[in-house]
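Reader: Before we discuss this protein, could you set the sequence and the structure side by side, and then take my questions one at a time?

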Amino acid sequence: MNSLARSMSRQADDVDLYRRVRAAMPRLAVGLSPEDLAAQAMPDASPGKWHLAHTSWFFEAMILASEPDYEPVDPRFQQMFNSYYEALGPRVARQDRGLMTRPSLDDVMAYRTEIDRRMADRLGQGLTAGADRYLFTLGLHHDQQHQELFVMDLLALMAKSPLDPVAYSVEPRLGALEPAKGGVEVFEGGLVQIGHEGPGFAFDNEGPAHRVWLEPFGLARDLVTNGEWIAFIEDGGYQRPEFWLADGWATVKAEGWTAPLYWRADPVGWTTMSLTGRVAVDPAAPVRHVSAYEADAFATWAGKRLPTEAEWEHAATNRAEAFSNLFGEVWQHCASDYAPYPGFRPTEGTAAEYNGKFMASQRVLRGSCFATPPGHARDTYRNFFYPYQRWAFMGLRLAEDAASPGAARDEDADTALFRAELLEGLRQPQKRASPKWFYDAEGSRLFEDITRVAEYYPTRQEAALLKAMAPELTARFGDNAVLVEFGSGASEKTRILLDAAPNLAAYVPIDISPDALGEAAKSISADYPNLEVAPVVGDFLNLPALPELGRGRRVGFFPGSTIGNLDREAAVEFLKVARERLDKGSLFILGVDLAKDPAVLVAAYDDAEGVTAAFNKNLLVRANRELGADFDLDAFDHVALWNPQESRMEMHLRSATDQRVRIGEETVDFMAGETIHTESSRKYREDSVRELAEAAGWSVALFQAGPAPSVAIAVLEA
């Protein structure tokens with residue numbers, strides 16, 4: 001190809017690229033009314049019509065107007081659609097952009113069309129000077145920035161309406177949310193290089209490349225979720241000043257913040273305003289619309305911190321595959337102030353005002369969001385907002401300090417036990433893990449979700465049976481009884497008995513998860529103020545001594561068919577120890593699932609929504625987070641099996657490939673198809689329940705089965 005042909009090809013490519021980028025924002029405006037595009041939600045946002053005009057003004061002011069004797073399309077537009085360029089003359093104040101009813105939307109679109117025609121002509125002549133080519137590329141990326149701003153400003157406007165209007169039938173995004181990977185990725189630190197250098201476009205604030213010293217650190221593989229944020233709210237996150245920076249706390253009090261922007265506590269639960277209207281908050285989705293102040297407070301509450309932008313960039317550049325949703329979901333808050341890099345020089349000419357003038361009192365965000373156009377994100381990209389702003393698509397992933405390589409691990413007793421038991425189980429011929437390690441706060445939440453899926457009948461059937469039997473059951477308690485629940489979880493079924501036993505003196509929930517236990521005890525105390533609640537952190541398979549409450553009859557409560565998780569020997573031992581702890585004259589209310597059609601059973605443990613699969617895999621998520629493991633969640637499949645010989649359902653995690661997993665300093669090898677047996681759930685008949693109880697020294701005073709799919713309640717007497 002000769003030089004003329006190459007030049008013409010380059011010019012045609014420029015025109016094609018320009019038209020493709022410029023076509024995106026009008027597509028975003030399709031279906032929106034002129035009123036939607038003219039109004040301004042707040043001073044920080046701009047009307048859609050203004051975005052459509054300003055991005056055209058940028059090309060006119062930066063490129064076309066540099067030509068000798070250039071005649072503007074409309075001289076008045078030079079003031080109306082200038083954003084913040086002091087060197088280009090007066091402009092309409094940002095907060096007044098929504099007051100400009102004229103030019104009309106039709107006039108703005110005609111202006112765009114004319115600028116696009118002139119730019120195509122200019123590009124057809126060829127851009128050969130380096131400065132011109134940089135301004136052209138800068139203009140394209142500037143247009144893409146405003147495509148994102150168009151969407152987030154539109155959402156801010158829609159959220160102002162009590163009608164909760166729908167802007168789009170489907171959220172305008174590039175790709176689907178990536179599944180969580182779990183755990184923390186650890187980096188050794190040292191002297192690293194960050195910042196842009198070499199070929200390829202970058203904004204001036206992304207350079208120059210320079211060296212930064214990093215101490216060892218860990219970065220969460222996943223973004224903070226709505227479910228985690230709800231836990232922060234429920235723990236008084238917006239009422240407890242100890243979590244907040246001084247300016248952040250002042251903002252919380254002044255603005256009355258109680259949740260992320262657009263969230264609302266409705267009778268059905270938390271809802272949020274989205275581009276598709278008001279929707280229920282998805283606990284599994286990454287949290288959005290939180291300010292830097294809120295992100296910092298959450299990190300403090302979680303015992304972590306926000307990453308510096310150097311940590312984030314080093315992780316993204318060197319190990320991007322270790323993380324989920326590093327790009328394309330939410331911009332991620334960093335602990336770094338927006339300041340110039342060493343040796344920073346702004347772009348020469350009018351574009352010098354693009355970034356540098358804002359390097360004061362703002363905070364850096366990294367990554368990109370679902371509304372970021374394709375080709376716009378980079379590892380070195382530095383987005384920035386004031387720490388109180390939260391209408392952008394902003395979220396966070398947590399960081400933490402890490403021990404230097406070879407440093408001794410300082411673990412609490414529960415973590416050390418988790419590590420020891422998991423490693424012991426994974427070294428068995430049939431790899432196994434105790435189901436008790438399912439139940440951290442997230443595992444408890446997921447189990448509660450399981451109880452609500454269509455296929456999982458045991459919780460619904462048992463709750464209905466308990467309600468029907470509650471008067472008969474509680475009549476056996478007597479006055480001032482003490483109810484002791486083993487493996488209490490969220491204590492939901494307990495309320496059925498509490499409501500039917502007004503003379504109950506005390507409630508003793510026992511659970512291995514301090515977080516879940518604390519939340520449940522707090523909720524029960526609030527709803528039953530005359531009841532003494534004495535939570536006990538412990539493993540019901542290694543029962544601690546019970547509080548000496550010194551009142552009436554003690555009543556054990558073990559619902560949820562949890563007895564089925566134990567083999568016969570362990571079940572007998574548990575019931576023996578429970579009888580000893582509860583003492584003479586006690587009762588024990590035992591819930592069991594009954595044997596039935598295997599198809600019904602398998603469906604209950606492998607629901608179509610995948611909630612049980614997520615619950616099973618949460619064991620690996622927890623190991624990654626707490627034990628420094630590197631389980632790849634995508635490399636394990638959830639499997640539910642019916643074992644007729646043992647009359648039990650089994651849950652397994654099956655390795656999809658030959659692989660080696662690191663757990664701290666230890667490694668475990670898996671062959672493709674090999675499984676970790678994580679849980680068994682034995683299904684009983686009345687005769688097998690009676691035999692089990694009698695072997696443990698109890699007698700069965702009552703056995704009652706419910707309607708199909710049947711579960712049963714047994715009342716045991718010491």
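Reader: In which helix is the place of His141?

Author: This is a predicted model, in which local features need pLDDT of at least 70 and side-chain atom pairs count only at pLDDT 80 or more, while totals for chains, interfaces and linings use all residues. Residues are numbered from 1 along each chain as its sequence is written, and side-chain values use heavy atoms, with hydrogens and water left out. Helices here are DSSP runs of H or I with at least four residues, strands are runs of E with at least two, and both are numbered from the N terminus. On that numbering, His141 has its place in helix H7.

Reader: Is His141 buried or exposed?

Author: Buried means under 20% relative accessible area, exposed means over 50%, and partly exposed lies in between, with a 1.4 Å probe and protein chains only. Contact means heavy atoms within 4.5 Å, and beyond its neighbours within four places in sequence His141 is in contact with Phe201, Phe203, Gly375, His376 and Arg378. Because its relative accessibility is 9%, His141 counts as buried.

Reader: Which face-related arc do the buried residues of H12 fall within?

Author: Helix H12 (residues 413-426) has 14 residues and reaches 20 Å from its first C-alpha to its last, close to the expected 20 Å, where the expected span is 1.5 Å times one less than the number of residues. Its buried residues are Thr415, Phe418, Arg419, Leu422, Leu423, Gly425 and Leu426, and they pack against helix H19 (611-627) and strands S21 (659-663), S22 (666-670) and S23 (675-682). The arc is taken from the directions from the helix axis to the C-beta atoms. Seen down the axis of H12, these residues line one face of the helix, because they fall within an arc of 160 degrees.

Reader: Which residue in S11 does Trp331 stand opposite?

Author: Two strands pair if DSSP finds at least two bridges between them, and four strands form an open sheet of mixed pairing in the order S10-S9-S8-S11. The edge strands, each pairing on one side only, are S10 (383-385) and S11 (394-395). Strand S8 (residues 331-337) pairs with S11 in the parallel sense over two bridges. In S11, the residue opposite Trp331 is Met394.

Reader: What relative accessible area does Tyr262 have?

Author: Tyr262 is found in the loop between helix H9 (246-255) and strand S5 (263-266). Although Tyr262 is not a glycine, its phi is positive, at about 80 degrees. Tyr262 is buried, and its relative accessible area is 10%.

Reader: Over which residues does pLDDT stay under 50?

Author: pLDDT is the predictor's confidence in each residue, from 0 to 100. The mean pLDDT of the protein is 92, and 97% of its residues reach 70 or more. The model has five contacts beyond four places in sequence for the stretch where pLDDT stays under 50, namely residues 404-409.
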